[in-house]
Amino acid sequence: DPTECELVLAVVDLAHFARTAQTQSDRAIFDMLSEFYELAGNTVEEGGGKVVKFMGDAALIVFAGDAPHQAVRSLRSLKDVIEDWLSAYNPVLKLQIRAHLGPVVCGPLGTVADKRFDVIGREVNELFLLRGGHFVLSNQLEQRLGAGRDQEI
């Protein structure tokens, strides 16, 4: 059954991926993305988050809304892990992270034979509209973090 909850939502993607993909074989791109998915998934899970889905060179990630400091720490760790890997793999690629906080509806979606956990709501759209540098936090998330800013992020 669908559930309404507040989550920290994040989207991560590899900047300059399309350009890089044009110079690599399909198999090389597959192998690279396989490593990226594993590194990202393991790092996020260790930090208490969940990868909702991978989409090419991007991932939609969620964390409990009541632990925003932990979520941001995990995202910073993800940035470090992936950037270390990228520096050895392809220094042209850079990880971009955008994170937001808000209410969503979550639960299983899909066909009868293949339902998977997903998140839906206006706040997911807001997440994808965030612009800025390589590590962007929405105003809503910044405000929540501000309430306990003395906790190390």
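Helices (H or I, at least four residues) and strands (E, at least two) are taken here as DSSP runs, numbered from the N terminus. By that assignment the chain holds five helices and six strands, and from the N terminus on these elements follow the order β-α-α-β-β-α-β-β-α-β-α. The model is predicted, so that local features need pLDDT of at least 70 and side-chain atom pairs count only at pLDDT 80 or more, while totals for chains, interfaces and linings use all residues. Residues are numbered from 1 along each chain as its sequence is written, and side-chain values use heavy atoms, with hydrogens and water left out.

Along the principal axes, the C-alpha atoms fill a box of roughly 45 × 45 × 25 Å. Of contacts (heavy atoms within 4.5 Å) between residues at least 6 apart in sequence, 69% join residues at least 24 apart.

Buried residues (under 20% relative accessible area, against over 50% for exposed and in between for partly exposed, with a 1.4 Å probe and protein chains only) make up 44% of the 153 residues.

The structure holds zero disulfides, a disulfide being a pair of cysteine sulfur atoms within 2.5 Å. The sulfur of Cys5 has its closest cysteine sulfur in Cys106, at 3.3 Å, which is too far for a bond. Cys5 counts as partly exposed because its relative accessibility is 25%, whereas Cys106, at 9%, counts as buried.
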